[in-house]
Amino acid sequence: MSMTFLSCNEALKFSSSQEKQDEAYFRTLLRTVESTPGLYYSYEEDITLNLQRRYKLAEGWINKPIWKQADPRFVWNRNLIEDLIESKLDGFIIPILQGSFQSVQLNLKSSHATITLLSRRCTRRLGTRMWRRGANLEGDTANFIETEQLFELGGFRSSLLQIRGSIPLLWEQIVDLSYKPRLRIINHEQTSNVVERHFHDLLQRYGETVAVDLTDKHGDEGELSAAYAAEMQKLRDVRYVSFDFHHYNGNANFDNLNVLYDQISEDFEKQGYFLVDMEGNILEEQKGVIRVNCIDCLDRTNVTQSFLAEKSLNAQLQRIEVFTSSECISMFPEEYGKFRTLWAEQGDEISLEYAGTNALKGDLVRYGRQTVAGLIKDGMSAISRYYLNNFHDGVRQDAMDLISGHYTVNRNSPSPFRLNGFESLSYLPVASALIVGGLTLTSFTLQNAGRSAQQFMSSVIWAGVTAGVMAVVKVNGRQFCSRPRLCGLL
């Protein structure tokens, strides 16, 4: 619910002025961390492990302290607990998970069921929307999330795993004040190895993998998608499916996802789900996973994953004979609404962590169609994303890199916050003041332009100055944006 950092070092009394400035900024970053959304923990069991993996662990492993059971990919506070681990203070070590936890009770044909959505965010390429794109050289991708849909009814427990993650190429999309910055694919001799490493890891962890790519097939997205498809052709063990989400769902019609399902249904149903009975006997195992991505792995991805989760839930209910082969959850409007809301709220929470706003296209998940209120909400969220991505996320990225240990403070290294040259003026207020001031003076002189030639010339000069400032800001857009200083893009 809350987090506080306590200062316990008096060494700053003997620090230089630059070190004191750096320390003050590091504290600012920690205050940013204090507002981190979507943090969860459990005293009783390890929430970083999915249900199937927990059932597969040896009994001796389950009896270990929770932090020793945990999947290190999903331990958000791993860097913070290192000293406790070294001191063997197991009783004080609680792994924290960043992601989403949503749960709802359903009443299905007089049977009481619980559905829980647990999303686990990987920390290996942790970051914000525009400053962590694609993959690093080890094959770890930005915004990689394992989402588990848990279903409990009458002693039966089932689980469906889905994963999402950025396109596993080396690419970037640096903010530059434009609404949609250009995508740039980084040509690197290691690109093929990066893709191979990423999917080799998925195959080892999840089994058969189907990569569903929801990006557009034109413009910058099209170029990135084509590069992704070309690399995927080199992999024999992974099936790649390209589905232009905006083309098929341009009219915000949720049902058009059936076109995608027709392409992957055989693989999806073959992969199955995990199911145990009331005695703990394993009845079904999930043998593979669907990996979904769009550009951000947020909005289109969440719509698609919720669609697949619904298909699997119907199959599970039919398997345990709560539903007949012709029945599905959409036949129960009130319970169906709860299910969709569950997925929509999960999408909002994940989006807050990566982009700083609620998810777009939430209406498609909640209602299966776009509403006027939803369009207005999406518009406000899009504006908020633009502001945060351009003028705030650089600081937020630094805060994540600091707390996760990707950046280590070293008093012997040069200050990462020292500004040089034009950088000292590189922030929004300067640009805003120049443009607003120029527009104001231009407007004022235009009102008096007809009185004399001198006034007219003043208007022309101020208009030219304002246009010049706007041109400089546009050309140097990246310089006026908030950008991280602690770690590089890769």
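How many nonpolar, polar and charged residues make up the lining of the second largest cavity? Figure 1 gives the answer, and the other close-ups follow from there. Please keep in mind throughout that this is a predicted model.

**Figure 1. The second largest cavity and its lining.** The residues around this cavity divide into 1 nonpolar, 2 polar and 5 charged. By name, the lining consists of Asp-348, Ala-359, Gly-362, Asp-363, Arg-366, Gly-374, Lys-377 and Asp-378. Two elements each give two or more residues to this lining: helix H12 (362-367) and helix H13 (372-391). The space inside the second largest cavity comes to about 50 Å³.

**Figure 2. The largest cavity and its lining.** Searching the whole structure turns up 4 cavities of 30 Å³ or more, and the largest of them holds about 50 Å³ of space. Here you can look for Arg-125, Met-130, Trp-131, Arg-132 and Arg-133, which are among the lining residues. The lining also includes Trp-171, Glu-172, Gln-173 and Ile-174, together with Ile-186, Leu-489 and Leu-490. Sorted by class, the lining of the largest cavity has 7 nonpolar, 1 polar and 4 charged residues.

**Figure 3. The largest pocket, seen through its lining.** About 1700 Å³ of space lies in this pocket. Its lining counts 50 residues, and those closest to the pocket centre are Phe-5, Leu-30, Leu-80, Leu-402 and Ile-403. Helix H1 (17-33), strand S1 (39-40), helix H5 (82-86) and helix H14 (393-404) are the elements that give two or more residues to the lining. H1 supplies the largest share, with 8 residues. The lining of the largest pocket divides into 25 nonpolar, 15 polar and 10 charged residues.

**Figure 4. The crossing of helices H6 and H7.** Two packed helices are described by the angle between their axes and the distance between the axes. For helix H6 (residues 191-206) and helix H7 (residues 219-232), the axes come within 10 Å and cross at roughly 70°. Angles of 65 to 115 degrees count as roughly perpendicular, and H6 and H7 are therefore roughly perpendicular to each other. On the H6 side, the contact is made by Thr-191, Ser-192, Val-195 and Phe-199. H7 meets them with Tyr-228, Glu-231 and Met-232. Which classes do these contact residues fall into? The contact of H6 with H7 has 4 nonpolar, 2 polar and 1 charged residues.

Definitions and conventions. Residues numbered from 1 in each chain as written. Predicted model: local features only at pLDDT ≥ 70, side-chain atom pairs only at ≥ 80, totals over all residues. Heavy atoms only, no water. 1 Å grid on protein atoms, 1.4 Å probe; cavity = no way out; pocket = protein on both sides within 12 Å on 5 of 7 lines; lining within 4 Å. Points joined across faces, edges and corners; volume = space filled by probe spheres on them. Helix = DSSP H or I, 4+ residues; strand = E, 2+ residues; numbered from the N terminus. Nonpolar A, V, L, I, M, F, W, Y, C, P; charged D, E, K, R; others polar. Axes fitted to C-alpha atoms, helices over the stretch in contact; angles between N-to-C directions. Parallel < 35°, antiparallel > 145°, perpendicular 65-115°, else oblique. Contact = heavy atoms within 4.5 Å.
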